[in-house]
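User: I am new to this structure and would like to learn how to read it. Please take one feature at a time.

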Amino acid sequence: MAQKVQGTEDLFGGYMRAWQRMQDVARELFGSYGFDMIETPAIEQVDTFVHGIGESTDVVRKEMFRVFSGALLPDVLERGSEGHLKPRQRMAMRPEGTAGVVRAAVENNFVPQGAAPAKLWYAEAMFRGERPQKGRLRQFHQVGVEWLGASDPAADAECIIMLMEYFCRLGFSRESLRLTINSMGDAACRPAYRDKVRAFILDHAEEMCEDCLERAQINPLRAFDCKNDHCREVMADAPLAPDNLCDECAAHYAAVKRYLDAAGVSYVEDPTLVRGLDYYTRTVFEVEVVGAGVGAIGGGGRYDGLVELEGGKPTPGLGFAVGFERICLALAEQGVDLGGEEPSCVYVACTPGEDTRAAAFETCLALRSAGVRTEADYQGRSLKAQFKQADKLGARLCAIIGSDELAAGVVTLRDMVSHEQVQVPAAELAERVTARLA
Ligand SMILES: [Zn+2]
Ligand SMILES: [Zn+2]
């Protein structure tokens, strides 16, 4: 039997409803902040991700799924690498949403000089060639926003406030969420800070793991994320980003915090929060569910240099992404089923006969026109079997059409819970059903 690829999942039933619910809530909430939906292609040129995410990140170095068309594949296999392919022929599945959206913004000139910021949100599948484990899939789903052209610290605060409101609307209690924030500086002050951290790691080289020594060369700030206990101990004394901000960055960070305070959004400052990707500048933030053990359920930050890296004019930007699968796990732990109950329906049953079947057919169409989810029998079942089927489908009401009903121009409406039955004029059925369901 054919099986799905390891680390991928089929979305159906309650899981699919949960994914749709995440999008519905996003559409409504993000829409009220002025965000429009965008969908970028699942495959991009590798350079889009290399420029956007950063060559030194694990995502780009180890986790991207490369894509080769049938025509290119033999060539790659034969020569053993894609290095000889033209850059345009090197493609990858998107491992995250930001780089593609920023590429699209540059290519379509979403933020011409002097224009209002572009505010975009997406709900997409992402692909990473990781070893699959709980809460970590090769194809996973994220909802995210990108806000391009806004440098105002109020934008950072609004982004964070919107994110926290999003979690609450999905069903998290505010008390269960821990929001951490930090500022990582910008092009003016971050290079010097990185050098300081690099020097610190090299000063403690004999006490740190090999990964961290490698990080010291390519991205020293990642050493703050090391899972090694000993490295954590050492890094506890490392120079901290907020202590090394230039005046502009310090003022920006202070303003973000003032806006959050004004909105009554509580947060924890974590001076070691660096986020995994290279492109963040100034504000970064992350949200965890206290005690859930699923890791961060969302996070993001400002990326003022990213649009330039993707070939656009200097444009400030910021955004966040939240992971669907982790949110489902974390909500389940709080006893919340994001998918909710199966939608109920009305079942149209009829006694055997050409006339009654034709009347049932018309009744189905009329109910559906009225927006009622309607089911019927398509397998020639007996009336008794149709009732059973209606129960199975979770029908709240059953509309029964027999030859007596047909002759009298009525339909018998049966409440599937109380089993109470009433006869209603056929012409009024849709109206009566809608009223009963409301
Ligand atoms: Zn380490
Ligand atoms: Zn700065």
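User: Are Cys 189 and Cys 246 buried or exposed?

Analyst: Buried means under 20% relative accessible area, exposed over 50%, and partly exposed in between, with a 1.4 Å probe and protein chains only. Cys 189 is buried, and Cys 246 is too. The model is predicted: local features need pLDDT of at least 70, side-chain atom pairs count only at pLDDT 80 or more, and totals for chains, interfaces and linings use all residues. Side-chain values use heavy atoms, without hydrogens and water, residues are numbered from 1 along each chain as its sequence is written, and chains are lettered from A and ligands numbered from 1 in the order in which they are written.

User: Which residues coordinate the zinc ion (ligand 2)?

Analyst: Donors are N, O and S atoms within 2.8 Å of the metal (3.2 Å for Na, K and Ca); water is not among the atoms, so sites may look incomplete. Here Asp 186 (OD), Cys 189 (SG), Cys 246 (SG) and Cys 249 (SG) coordinate the zinc ion (ligand 2) at 2.1 to 2.3 Å. The spacing of these donor residues in sequence is D-x2-C-x56-C-x2-C.

User: What parts does the pair Cys 189 and Cys 246 tie together?

Analyst: Helices (H or I, at least four residues) and strands (E, at least two) are DSSP runs, numbered from the N terminus. Cys 189 sits in the loop between strand E7 (177-183) and helix H7 (190-203), and Cys 246 in the loop between helix H9 (229-235) and helix H10 (247-262), so the pair ties together parts that are 57 residues apart in sequence.

User: In what order do the three strands of the open sheet stand?

Analyst: Two strands pair if DSSP finds at least two bridges between them. The order is E2-E4-E3, with antiparallel pairing. Strand E2 (43-45) and strand E3 (66-67) are at the edges with a single partner strand each, so one side of each has no neighbour in the sheet. Two bridges join E3 to strand E4 (residues 91-93), and Val 67 stands opposite Met 91 in E4.
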